[in-house]
Amino acid sequence: MRSLAVLGATGSIGASTLDVVARHPRRFRVGALSAHTDVAALVALCLRFRPDVAAIAAPARHDELAAGLKAHALPTEALAGTDALDAIAADARFDTVVAAIVGAAGLSSTLAAAAAGKRLLLANKESVVMSGELLMRTAAARGATLIPLDSEHNAIFQCLPRDYARDPDANGITRLILTASGGPFRGWSRERLQAVTPDQACAHPRWKMGRKISVDSATMMNKGLEVIEAQRLFGVGPDRIEVLVHPQSIVHSLVEYADGSQLAQLGSPDMRTPIANALAWPERIDAGVARLDLATAARLDFEAPDLVAFPCLGHAFMALRAGGSAPIVLNAANEIAVAAFLDGRIGFLDIERVIAGCLERSVNEAADTLDAIVGIDAEARRHATAALKG
Ligand code: NAD
Ligand code: MG
């Protein structure tokens, strides 16, 4: 029986994870759950899963959470604050940590889970982008098992040799090919993109996701973050990572080998498949997902990405090649700009303007400790906030 801590339990990945977990009560037990501010949603999940611990990240909500748990006579312990998330990630009662918080807010708990040698199921791509080699080094030193939940990376994980050790040459790997749906604005011109609204940007044609990642998909920054994530997770250089637009989102990514073989993983666009894969690995379990019927799907289309209409992907490749602090600056500027766009404070095309400006102005520096990463992130957020005004 695995005991799970689900950090970011009230989100889209959290809900899909708990859906799979609930199908296998003899295999998984929910030990801990966390949420940002929504006490009512967290208490409702506690009623359903009866965890040992529940944590609300907003410290001021502690008493509200404790009262909510008590009102239902739940034995669950109430914790609050970001330290509580780190403590849960490191708590020996939970062997598996699902990192499903959105954004840099997940960095510290992701690293804490790696440092505690956990089985770490990674959805929080921003923490992988920000922490670079630190996360991989920590995981290796402490014996943590990292399994990607992001559908593309989970697909690659499934197409790699079982004993893959972050060395593409040793395994004859020539390319990783990440597929991208192209988002809701695939084929749109810059002129048309000028006026898009947050609701349009969040109406993804294939995936139902949280609002931040939905906007990232619309700008294609999501794919940019995923290119960096792939480099980190699999140790493959940027020259061997490519992006291929595939609007049906059925082929989730491919690995190319020296003999010309390309191995792909296919499935319905439903996050429960990669989540079930990661939860049960190396076994296979039912994910509750509709079977993929290729005769009904009928066709699979592929095209090169449009880097002129969607320059964020190019910025991400540049930041990855520059290394050091550049990916942290890219991510921080993106988080600030996306939040401002979702609030109606800037337009859609301002997102990439803010990111490009921050990258241009930042001086590249080393980023190999948590303190350095947090400092670079904070400074980039200040620059990005100033750049919102144009
Ligand atoms: P979401 O917005 O639906 O959920 C985010 C979760 O994190 C919620 O539980 C929220 O309470 C919590 N949270 C938000 N801000 C927080 C903070 N400051 N401190 C602590 N907790 C906080 O997001 P999501 O779509 O589930 O995405 C989660 C992560 O998974 C992101 O990094 C995203 O890129 C990645 N991801 C998501 C999908 C998807 O299909 N949704 C697919 C691949 C990867
Ligand atoms: Mg993805």
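Predicted model: local features only at pLDDT ≥ 70, side-chain atom pairs only at ≥ 80, totals over all residues.
Local features were taken at pLDDT of at least 70 and side-chain atom pairs at pLDDT 80 or more, whereas totals for chains, interfaces and linings use all residues. Residues are numbered from 1 along each chain as its sequence is written, chains are lettered from A and ligands numbered from 1 in the order in which they are written, and side-chain values use heavy atoms, with hydrogens and water left out.

The magnesium ion (ligand 2) has Asp150 (OD), Glu152 (OE) and Glu226 (OE) as protein donors, at 2.1 to 2.2 Å. Donors are N, O and S atoms within 2.8 Å of the metal (3.2 Å for Na, K and Ca); water is not among the atoms, so sites may look incomplete. Along the chain the donors follow the spacing D-x1-E-x73-E. Glu152 in helix 7 (residues 151-159) and Glu226 in helix 11 (residues 221-234) are 74 residues apart and link distant parts of the chain. Helices (H or I, at least four residues) and strands (E, at least two) are DSSP runs, numbered from the N terminus. Glu152 counts as buried because its relative accessibility is 8%; Glu226 counts as buried at 0%. Buried means under 20% relative accessible area, exposed over 50%, and partly exposed in between (1.4 Å probe, protein chains only).

Around ligand 1 there are 23 residues, of which Thr10, Ser12, Ile13, Glu126 and Gly210 come nearest; a residue is near if one of its heavy atoms lies within 4 Å. An N or O atom in the side chain of Thr10 is 2.8 Å from an oxygen atom of ligand 1. For a backbone N or O atom of His36 the distance to a ligand 1 oxygen atom is 2.9 Å.

The largest nonpolar core has 95 residues, and Leu120, Leu146, Phe185, Phe234, Leu330, Phe348 and Ile351 have the most contacts inside it. Such a core is a set of buried Ala, Val, Leu, Ile, Met, Phe, Trp, Tyr and Cys residues joined through side-chain atoms within 4.5 Å. Helix 15 (residues 326-342) gives the largest share, eleven residues. A second, separate core of 40 residues includes Val30, Val39, Leu45 and Met271.

In helix 14 (residues 312-322), the buried residues include Cys312, Leu313 and His315. The buried residues of helix 14 pack against helix 10 (211-219), helix 11, strand 9 (241-245), helix 15 and helix 16 (348-361), contact meaning heavy atoms within 4.5 Å.

Methods. Polar contact = N/O pair within 3.5 Å; in protein donor to acceptor, adjacent residues only side chain to side chain.
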